[in-house]
Amino acid sequence: MHAHDAMRYTNDMLAWIHQALASERELIMKLFSNVNESEASERKDGEETALKVLNTIFDALCRPFRVRFEQALDPQPPVVTLYKLASLLEFYAHTMMKLLGDDSGLPNTLLECNSLAMYAFFSSWRSRLESFQSAKPVPSEDLSPPIAVRQSMSRVKEIALTLDGSLSPAEAREEQIVAILEVILNPLITLCARMAAKHLEPVEREIFMANCIDTMRVPLVSFSFAASRAESLMADADAHIDRYIELSTASVLKSFGLYEVSEAIKFAQPGIALSRVPGLDSQTLAVGLNNFYAVLFERGQKSLANPERLRPPKIERISNSRMRLRVNRAVLQALTDLYAKIYKAMHDPENEYQVDQAGVLNPWDPQKVFLVLSGHFDLPNDM
């Protein structure tokens with residue numbers, strides 16, 4: 001007996017019932033097929049009678065099986081075991097329907113037990129998530145996902161593997177995973193969002209949320225039936241990275257005194273010389289560009305003097321390398337685009353920058369600046 005192991009105990013009972021059912025069905029069908037085999041209608045009547053006899057025999061197992069199954073659920077098994085039990089019961093229910101008919105008592109009993117297991121499964125998840133929330137977790141310093149996310153997604157992967165190995169149609173598997181992820185992921189995302197809002201500054205908040213959501217996405221990408229939710233999670237994580245890019249680009253520009261220049265160019269009115277626009281006068285540009293050049297090169301050197309000022313804040317805490325690369329690309333693009341606009345504006349006569357002023361500022365060629373910056377950001381050659 002293995003009553004202490006709910007999965008093994010239930011599987012042993014079902015395997016024995018299935019074996020007995022197959023043997024009894026074969027015997028009874030032979031007994032009733034010997035009568036008036038030549039007449040198709042009588043042969044059909046014989047098969048129906050055989051199924052009625054078979055159902056009568058195995059209906060006697062319904063109540064004992066249900067009682068023993070309910071006993072196996074006390075104490076409640078782990079959440080993954082509950083799902084495996086539900087999947088096992090569903091498989092045997094559909095298998096026995098083929099032998100006994102769709103309206104038979106035994107398969108319907110197994111489906112009722114399947115519903116009990118799924119109810120316990122969802123109840124266990126809700127209870128577990130409530131315990132995570134009541135613990136009032138705080139984000140770690142490295143902005144990695146909390147233990148609630150890591151443990152939950154480890155179990156989600158086990159559940160997805162069980163579902164992937166089932167014989168359910170693709171549509172049924174997709175419906176099941178959608179229902180399961182609805183119960184698991186939505187509360188987790190809410191938990192992470194509350195942690196971020198309460199404990200983190202804006203830049204850290206976006207990194208933390210991107211890390212958490214990406215951790216929820218990764219276990220799902222291997223399963224075709226979870227593809228739609230994986231894509232949705234990727235879009236959510238990318239949205240947080242987009243907001244981080246805005247914040248980090250502004251931070252890098254502010255460190256050079258070029259943020260105000262960027263805003264002034266963005267909102268400049270057409271037909272007005274840029275040299276007359278507050279924030280775009282020669283003196284302001286000279287200060288911002290000199291700060292920028294001081295970071296790019298030390299005097300007489302061909303290496304970055306202060307590379308940390310070019311680094312997006314706390315980018316190393318983004319766990320996904322693809323996201324880090326996207327941030328670096330975006331910040332590099334923002335810097336080089338702004339520099340190209342400044343360079344073009346300073347050499348445009350309509351903006352009324354004087355030749356000697358341009359000479360004093362001595363703006364470098366944008367392509368040279370791009371090459372230096374791309375070397376710092378360590379980007380691929382196809383940028």
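Predicted model: local features only at pLDDT ≥ 70, side-chain atom pairs only at ≥ 80, totals over all residues.
**Helix packing and the nonpolar core**

Helix α5 (residues 105–134) and helix α6 (residues 147–164) pack at about 165°, and their axes are 11 Å apart. Residues are numbered from 1 along each chain as its sequence is written, and side-chain values use heavy atoms, with hydrogens and water left out.

**α5 against α6**

- Helices here are DSSP runs (H or I, at least four residues), numbered from the N terminus, and axes are lines fitted to C-alpha atoms over the stretch in contact, with angles from 0 to 180 degrees between N-to-C directions.
- The α5–α6 crossing is left-handed (the near helix is turned anticlockwise from the far one by less than a right angle).
- On the α5 side you'll find F121, W125, R128, L129 and F132, which meet A148, Q151, S152, R155 and I159 of α6.
- Sorted by class, that contact has six nonpolar, two polar and two charged residues.

**A closer look at L129**

- L129 sits in α5 and counts as buried, at 6% relative accessibility (buried means under 20% relative accessible area with a 1.4 Å probe, protein chains only).
- Its C-alpha atom is 7.8 Å from that of A148, 19 residues apart along the chain.
- Skip residues up to four places away in sequence, and L129 touches S152, V183, I184, P187 and L188 (contact means heavy atoms within 4.5 Å).

**The core**

- The largest nonpolar core has 112 residues, and F65, F121, L185, F208, M216 and F292 have the most contacts inside it.
- Helix α4 (residues 79–100) gives this core its largest share, 13 residues.
- A nonpolar core means buried Ala, Val, Leu, Ile, Met, Phe, Trp, Tyr and Cys residues joined through side-chain atoms within 4.5 Å.
- Leaving out neighbours within four places in sequence, F121 is in contact with V79, L82, Y83, I159 and I180.

**α10 against α12**

- The axes of helix α10 (residues 259–266) and helix α12 (residues 321–346) come within 11 Å and cross at roughly 70°, so the two are roughly perpendicular.
- This crossing of α10 and α12 is left-handed.
- V261, S262 and I265 of α10 meet L338, K341 and I342 of α12.
- Those contact residues split into four nonpolar, one polar and one charged.

Terms used: Buried < 20%, exposed > 50% of the residue type's maximum accessible area, 1.4 Å probe, protein only. Parallel < 35°, antiparallel > 145°, perpendicular 65-115°, else oblique. Nonpolar A, V, L, I, M, F, W, Y, C, P; charged D, E, K, R; others polar.
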